[in-house]
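Keep the structure open beside you as you read.

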Amino acid sequence: MKILILNGPNLNMTGMREPNIYGRTGYEEMMAQVERAARSRGHEARIFQSNYEGALIDEIQRAWRDNFDAIIVNPGAFTHYSYALRDALSSVPMPAVEVHLSNIHAREEFRHRSVTAPVCIGQIAGFGAEGYILAMDALHAARAVKNI
Ligand code: DQA
């Protein structure tokens, strides 16, 4: 599968920001692990991070034009209020899985709601960087089960 791995605002600060919540592994190292996991499964991963909503939307549209098969998205705080990102995800036919490093449901109330998860096939939260790898395997399984 050709998979777009999309990370939203502040994820580039992983390893430095709130390490008690997000861990001490840096963003680059975390994504290198995810890249390796994708490659070992025979997937092609395009990894993109931006602090800007429009740049994330452009990347979703670009992946569609480039015939990508699936999206793994950690929208950061956009999860909780970006209808524009939600619309971008539902505008394209590729299945998406939402990932969060932390368990957003066990944190502040405003993090419990995701406006983007309803247009994804599922959400994985609370497993750190492993969540991206679980998402890859979930997409693979969903393709077989749901024929997407
Ligand atoms: C996050 C959770 C969000 O609530 C937060 O705004 C983030 C990171 C996570 O990966 O746990 O930036 O998406």
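**Exercise 1: a charge and a ring**

Find the residue that lies over the face of Y22.

Solution. R17 lies over the face of Y22, at 4.2 Å from the ring centre. The rule asks for NZ of Lys or CZ of Arg within 6 Å of the ring centre and within 35 degrees of the ring normal.

A word on the model: it is predicted, so local features need pLDDT of at least 70 and side-chain atom pairs count only at pLDDT 80 or more, while totals for chains, interfaces and linings use all residues. Residues are numbered from 1 along each chain as its sequence is written, and side-chain values use heavy atoms, with hydrogens and water left out.

**Exercise 2: the ligand**

Solution. Step one: list the residues around the ligand (a heavy atom within 4 Å); among them are R17, Y22, A77 and L101.

Step two: look for polar contacts (N or O atoms within 3.5 Å). A polar side-chain atom of R17 lies 2.8 Å from an oxygen atom of the ligand. From the backbone, an N or O atom of L101 lies 2.8 Å from a ligand oxygen, and one of A77 lies 3.2 Å from a ligand oxygen.

Step three: check the cover. Taken alone, the ligand exposes 320 Å², and the protein buries 98% of that (Shrake-Rupley method, 1.4 Å probe).

Note on methods. A polar contact is a pair of N or O atoms within 3.5 Å; within protein, one must be able to donate a hydrogen and the other to accept it, and residues adjacent in sequence count only if both atoms are side-chain atoms.
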